[in-house]
Amino acid sequence: MTSAEEASRPFAGLSDVSIPDIPVEGDISLPVASSARDDEFSTLDEPVKETILRDLRAVANKFVHVLYPKRSSVLLRDWDLWGPLLLCVTLALLLQGGAADSNDQGGPQFAEVFVIIWFGSIIITLNSKLLGGTLSFFQSLCVLGYCIMPLTVAMVVCRIVLYTASGKVSFAVRLVVVTASFGWSTFASTAFLADSQPSNRRGLVVYPVFLFYFVIGWMILTFSP
Amino acid sequence: CEHFLFPYIQLDFEEAANLMDANRDVVTISIGDEDLKAKRQGPAGGFPPDVADDDPLGSDDKTELLAGQKKSAPFWTFEYYQAFFDVETHHVKERIIGSMLPWPGKNFIQVYLRKNPDLYGPFWICTTLVFACAISGNISTFLHKFGSSGYKYTPEFQKVTIAATAIFTYAWLVPLGLWGFLLWRNNKILNLVSYSFMEIICVYGYSLSVYIPAVVLWIIQVEWLRWCFMVVALCVSGSVLVTTFWPAVRDDNPRVTIAVIAIILLHYPAILIFFCMSLPVCFWETNAADGIKLVFFGETLVNGNCDHAC
């Protein structure tokens, strides 16, 4: 065969080799890291205390981030709804025991507080998604729920003030405390939510959050035992 | 007409062309009929000569057709509703200010909405109004009964539910009724100006925004001042609605025109009475006869005795 013909046929040099004659050797092994990765995700073997403490530590970590709000993504990355549930139940329980024993026109019922907080959060989340926000549904719920924490603290302070004093002084103190915590809540949630919106719609997203915390602050301020 | 293989298709296009020819001079008169033109030319879009003949608004028709095409997501998807939130902060601010300061020539829909109705404004204005009513009613009850003995402050949360039901029902049902009515009259008299359902909801929602300061100022315990604020809010809101809907009904039978304008203006006192009943100058236990007295004279019944409210 001429060299041109040989060049024109690819693999021409192999035409006289039969494949079964060539032994293939080697070994196949899994990379070492995969077994360690399996151990990380399998939490079946750890003690229950460890599981609960891990979640509690995550919740406490997020509380700290709400107390000192700076633009971090911890709340957004690992969202969870335990914290909001805890805060919502605490707030609803604290808002009980008002004038509830006299007539039914007393304070808000447990269900009313629950519905206002969760339904309000869902509506605000839908609103920010419809306006083109980049946060996911549950990330938004997580942020809004965690930022109720200053208002829950204000509720505790208000109850203490109502037990010790009464009249105009207590009202003034409660007003200051509730206003400060309402401002803190709005500021904290804006710090987390504002980055996910285009800048020309930031006001449209912040206003419902403002209204939401204002209504919760109003419920706290008007609580009278 | 072009020649088609199937004679019945050719006949349908002939009928459409005849309809277009008959209405061509009607279509080009007013500037408010852009979306009507787009609707008419939608099904007959295969006639390039006709589109080019309507010269003054020819390019607007093309943009109308293109703009109409972008909102074609089916109504069960999220994107369909995202199209109604396509506003920016300054748009919403302008629309609210425009609804509070009506001007005789400025039609709210044409000047501010400009084919971009949004649902953000109406929804959040209604929500704010609900909470403003409830809170202001609470405060005014508290201030009114502050000195009297035996009074125990109770935040009355039923008012939120009742106010929410009433306001949201008003904000959706009245535009629906008006839109249906305008649609019916359009079929009868071939009107020039037609508004879409979303635009009517938008106008009604934004026109409620002037009530928010009026309701907040209801806290002031001076009776005539309260009524003064409410009447001013009534006038502003009513004039926004009248300037908006006047072009749509002015070419109708005069009796129908007057009836529509009267209904737009007069259903407001019904709303006003609702506000008076819900913002407590009165207790909830009073019966109907006392209710009328309370609305118009602002008296309250405390332990069966009549006290004036201020």
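Before the helix pairs, I noted how axes work here: they are lines fitted to C-alpha atoms, for helices over the stretch in contact, and angles run from 0 to 180 degrees between N-to-C directions. Helices (H or I, at least four residues) and strands (E, at least two) are DSSP runs, numbered from the N terminus.

Ground rules: this is a predicted model, where local features need pLDDT of at least 70 and side-chain atom pairs count only at pLDDT 80 or more, while totals for chains, interfaces and linings use all residues. Residues are numbered from 1 along each chain as its sequence is written, chains are lettered from A and ligands numbered from 1 in the order in which they are written, and side-chain values use heavy atoms, leaving out hydrogens and water.

**Entry: α6(A) with α7(A)**

I looked up α6(A) and α7(A) and found that their axes come within 9 Å and cross at roughly 130 degrees. That makes the two oblique to each other (under 35 degrees counts as roughly parallel, over 145 as roughly antiparallel, 65 to 115 as roughly perpendicular, and the rest as oblique). The crossing of α6(A) and α7(A) is right-handed (near helix turned clockwise from the far one by less than a right angle; anticlockwise is left-handed). On the α6(A) side I listed A:Ser121, A:Ile122, A:Ile124, A:Thr125, A:Ser128 and A:Lys129, and on the α7(A) side A:Phe137, A:Ser140, A:Leu141 and A:Leu144; contact means heavy atoms within 4.5 Å. By class, that contact of α6(A) with α7(A) has 5 nonpolar, 4 polar and 1 charged residues (Ala, Val, Leu, Ile, Met, Phe, Trp, Tyr, Cys and Pro are nonpolar, Asp, Glu, Lys and Arg charged, and the others, Gly among them, polar).

**Entry: α5(A) with α7(A)**

Next I checked helix α5 (residues 82–94) of chain A against helix α7 (residues 137–146) of chain A: they pack at about 40 degrees, with axes 8 Å apart. α5(A) and α7(A) are therefore oblique to each other, and their crossing is left-handed. A:Gly83, A:Pro84 and A:Leu87 of α5(A) meet A:Leu141, A:Cys142, A:Gly145 and A:Tyr146 of α7(A).

**Entry: across the chains**

Then I took helix α6 (residues 110–130) of chain A with helix α8 (residues 120–144) of chain B; their axes come within 12 Å and cross at roughly 160 degrees. So α6(A) and α8(B) are roughly antiparallel. I see A:Ile123, A:Ile124 and A:Asn127 of α6(A) touching B:Tyr120, B:Phe123 and B:Trp124 of α8(B). These residues divide into 5 nonpolar, 1 polar and no charged.

How much area is buried between chain B and chain A? I get about 2600 Å², with carbon and sulfur atoms giving 65% (accessible area, 1.4 Å probe, that two parts lose on being put together, summed over both). In chain B, B:Tyr120, B:Trp124 and B:Phe157 lose the most area to chain A, together 24% of what that side buries.

**Entry: the salt bridge**

I found 1 salt bridge between chain B and chain A (side-chain nitrogen of Lys or Arg within 4 Å of a carboxyl oxygen of Asp or Glu). The side chains of A:Arg201 and B:Asp86 meet in a salt bridge at 3.0 Å, N to O.
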